[in-house]
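Colleague: I am new to this structure. Please take one part and walk me through it closely.

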Amino acid sequence: MHKSDFGSSMKTVFPVKGSDSTPAHKLSGKFEFKDYAGKMFAELRRRWGIDSEAYRASLASDLPYLDFVTNSKSGEFFVKTSDQRFILKTQPAAECEFLRSVLPDYYAHMDAHPDSFLVRICGVHRVIIGGRKTHFMVMKSVFPSTLQLQLKADMKGSTLGRRISERERRQLVPVFKDLDVLEKGIKLYVTEEQQRRLRVMIDVDSRFLEHLGVMDYSMLLGVHYPTRKPLDRKLADSEGREKYEVRRPASYGIKQSKSTVKRLGGRPPDDEKKQQT
């Protein structure tokens, strides 16, 4: 990978009626899409077994995105693609700039440690619609969409404030924190060799993040029990314990904070309400 590949970008304008290189779309006006370090991310996606055409199809699908519940305190907005293979997270401009500045380090780390537990970042992009800019990153989903998880945990290795709230506890599959894991006696049974590899990789990843000056990271754990009955999704829907909101890929908004909402294409029609699925 050449040094210039990490700082490269490519801008594409999408007219409403389309062009020789872009499809037509249903937005009220043209929009602009910028792809950062496209060659580098294409190479990473190839190594992770992600076909570039399938990647684009997931992001540009006519099916709605899924807005899912997260315990993140960043104020940023998270959505899943309809096939649940990728997660999109909005970024402040400063965070996007920092991420782009450390791409050479990230690429070198993932190249040297293919078994790293760090999130697989598949792309960094920017869209401009109606004069409003939105930066976002695309991550490979940690959890497979084909299996139902009966246990999830977000662990930081700390006990300060690391217990889920009563509201979070009412979700169909609560994302437990460190104190919940300790109090419930949740344990992972692994071989000595698996334990050694886990410890080494966690140490290597943590030292890498320390080198970048990144903090407040955690490890996400999901457990599927093959012998247990599937959880009752209908019951969860009726009681509102696990929420998935339908969001249109381009016409619905991107939430930046509690006080600022950046729209990607204006307000949704009055007769088209947010749904739960």
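Colleague: Which residues does V138 touch, not counting residues up to four places away in sequence?

Modeller: Keep in mind that this is a predicted model. V138 touches Y55, L59, F86, I87, L88, R120, I121, C122, G123 and H125, with residues up to four places away in sequence left out. V138 also belongs to the largest nonpolar core, which has 36 residues. Within that core, M40, F41, L44, V124 and V138 touch the most other members.

Now go back to M40, F41 and L44. They sit in helix α2, residues 38-47, and are buried there. E43 and R45 of α2 are buried too. What covers the buried residues of α2? The cover includes helices and strands: α1 (3-6), β2 (31-36), α3 (52-59), α5 (103-112) and β6 (121-129). After α2 comes G49. Its phi is positive, near 75°.

Next, a sheet. Strands of a sheet pair through backbone hydrogen bonds, either parallel or antiparallel. Here three strands form an open sheet, in the order β9-β8-β10, with mixed pairing. β9 (175-176) and β10 (219-223) stand at the edges with a single partner strand each, so one side of each has no neighbour in the sheet. β8, residues 151-155, pairs with β9 in the parallel sense over two bridges. In this sheet, K152 stands opposite V175 of β9.

Conventions
Residues numbered from 1 in each chain as written. Predicted model: local features only at pLDDT ≥ 70, side-chain atom pairs only at ≥ 80, totals over all residues. Heavy atoms only, no water. Buried < 20%, exposed > 50% of the residue type's maximum accessible area, 1.4 Å probe, protein only. Helix = DSSP H or I, 4+ residues; strand = E, 2+ residues; numbered from the N terminus. Contact = heavy atoms within 4.5 Å. Pairing = 2+ DSSP bridges. Core = buried A, V, L, I, M, F, W, Y, C linked by side-chain atoms within 4.5 Å.
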